[in-house]
Amino acid sequence: FQDLRSGRRSGITTPRFGIAELLRNSPTYRRTVDNLGYYFAVNDYMDATVSVDWRSGARPREGDPGYMRYNGEWRYRWLDRFVSGSVGLSYLNQQDGATNTSVTILHSQDFSQTSHLTANINYVTSTQIQRRTEFVPYRALATIASRLNYQQKLGPFAMSLGGARTQYPGRDQVDQTLPTLSLSSEPIDITRWLNWSPSLSINNSQTLNAPGSGPLSFRYLPGVGGAIDSVSTTQDSRRSTLSLETPLRIGTFTWRNSISVSDIENNYPDTREIIDVNDTTIRSTRIFSRTFRTDIDWQTGISLPTIAQGTWNIAPSVSVVNIDPSGLWIRNERTGGEYVRQSKRLQYGVSASPTFFGLFPGFGPYTRFRHAVTTTMSYSYSPTAKVSDEFLAALGRTKQGYLGSLAQNQVSLSLSTNIEAKLRNRGDTAAVAATAGSTDGEGTGSKVTLLALTFQPLSWDFERARVTGRTGLTNERFGFTARSDLLPGLDFGATYSLFQGSILSDTSRFKPYREEVRASFSINR
């Protein structure tokens, strides 16, 4: 039965059960009844629901002993205060004594036009029971995800603080990112000729109780009768990053400054190859109970005024870069926790980013086509530099076959192409004919992107090609992304690994391998 009277009223909720619960069609059938409860219309701003779910414990099976589940939910919505949300609690008690508690908290609040809080928190005490007691397949396989985010605008600064946590059905693994802090600023005009645009980003992510992998994923213990027994282990890991950008625009110059810190800790045993720096034939394998690595880096450079802006867009620059792509200071288990430092060198560069386009006559529903190709061509040079043996040992490398200290004499090319069309106005042929000779398209129809392709840049180092006598490519990966307004919301792309081995070694082989094919589709209003 259902209350058909208008308005919000308290009353009995509609239970869910099937005909087989009343007339059992098999002696082994297990009766199940859900949502047997009561709804409370507290007032115009809130309501509450309590209910009970029951599954028979007769003839129990392994993993399905029957249960009683108690549910409660309180919902609120206060428009004048811009507050809405709900709090849900569920307690499940199985016939075998196992229990599971589920908590759900949804909250959204606007404190002002510039400060907002959103929370979607979900937590269960037993993901195994949560999965076994769900009858809807997508809910049994779904992750238990939580997100919390607070946004605040403070003058020219915009702050975002939050975190995320994910539990997985049927296993104890937990992924969490807490906290995440992002602080960005609009350009701050200190004086007429001095401009500052700082930004700060802090991120801490953890993986807990992940299933072990590799040869060290088991612990071997003495078993009954002298046999060897094995127990699987779990793996915990953490990655913390900090990034600070402080670019300064001084007149027509831009002085770039950035500081970044990355700290990685893997709290499980792993193997490392130890190579003697003085004699590379002496190699050994060592097992570390845990591995870690900290990178601290500082990058700076000056961008000079753009030449031929609007056409060739030529931009010269001078930067101070690391010899090795790693951080300026690093420490790990190989260094015994002590920091080792590499050197820096100057890098001189110039880039040009012209756009070439052509207009073509249209046909069918299109009055005209426009094909644009945007290229970014750059050249950079860095003199020869030296990396210390201590730094290479920290990376597990030696000078033999190492290419990072070579002079850099490289060119880079990135490409993107865009094919657009202007739609013909329906029923407006006179306007189309009147504007047939215009150079910016015909009619006043809207523009659509038929195909947009974006390719990752490719770099070629002439010095590396000369020394190795092989290839001068310095990119480990190459990929592309495709989009089209004919399929709005669709994003397609692929990524390829270009080399087998590290590109900083002269033993690497050019052997492209497709690593990833990705596609996403979204629907809006």
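How many nonpolar, polar and charged residues does the lining of the largest pocket have? By class, there are 15 nonpolar, 16 polar and eight charged residues. In this count Ala, Val, Leu, Ile, Met, Phe, Trp, Tyr, Cys and Pro are nonpolar, Asp, Glu, Lys and Arg are charged, and the others, Gly among them, are polar.

Before I continue, a word on the source. The model is predicted, so to speak of local features we need pLDDT of at least 70, and side-chain atom pairs count only at pLDDT 80 or more, while totals for chains, interfaces and linings use all residues. Residues are numbered from 1 along each chain as its sequence is written, and side-chain values use heavy atoms, with hydrogens and water left out.

Let me return to the pocket. The space in the largest pocket is about 980 Å³. Its lining comprises 39 residues, and the closest to the centre are N71, S90, Q130, E134 and R139. The search works on a 1 Å grid over the protein atoms alone: a pocket is an open set of points with protein on both sides within 12 Å along at least five of seven lines, a cavity is a set where a 1.4 Å probe fits but cannot get out, and lining residues have an atom within 4 Å of a point. Grid points are joined across faces, edges and corners, and a volume is the space filled by probe spheres set on the points.

Which element gives the largest share of this lining? That is β5, with six residues. Other elements that each supply at least two residues include β2 (32-40), β6 (99-112) and α2 (127-132). Here helices (H or I, at least four residues) and strands (E, at least two) are DSSP runs, numbered from the N terminus.

The strand β5 is joined to β6 by 11 bridges, and the two run antiparallel. Strands are said to pair if DSSP finds at least two bridges between them. S90 has S102 in β6 as its bridge partner. Between β5 and β6, which form a hairpin, there are four residues, and G97 in the turn has a positive phi of about 95 degrees. The next pairing, β6 with β7, is also antiparallel, over 10 bridges, and this hairpin has two residues between its strands.

I turn now to the cavity. Across the whole structure, one cavity of 30 Å³ or more is found. The largest cavity holds about 90 Å³ of space. Among the residues that line this cavity are L403, R464, F499 and D506. The lining divides into four nonpolar, four polar and three charged residues.

Rings of Phe, Tyr and Trp (its six-membered ring) pair if their centres lie within 6.5 Å; planes under 30 degrees apart are stacked, over 60 edge-to-face, and the rest tilted. The count comes to 11 aromatic pairs. F363 and F369 make a tilted pair, with 5.4 Å centre to centre and 40 degrees between the planes. F499 and F510 make an edge-to-face pair, at 5.6 Å and 70 degrees. F499 lies in strand β32 (residues 490-500) and F510 in strand β33 (residues 509-521), 11 residues apart.

Is F499 buried or exposed? F499 counts as buried because its relative accessibility is 9%, whereas F510 is partly exposed at 47%. The cut-offs are under 20% relative accessible area for buried, over 50% for exposed, and partly exposed in between (1.4 Å probe, protein chains only).
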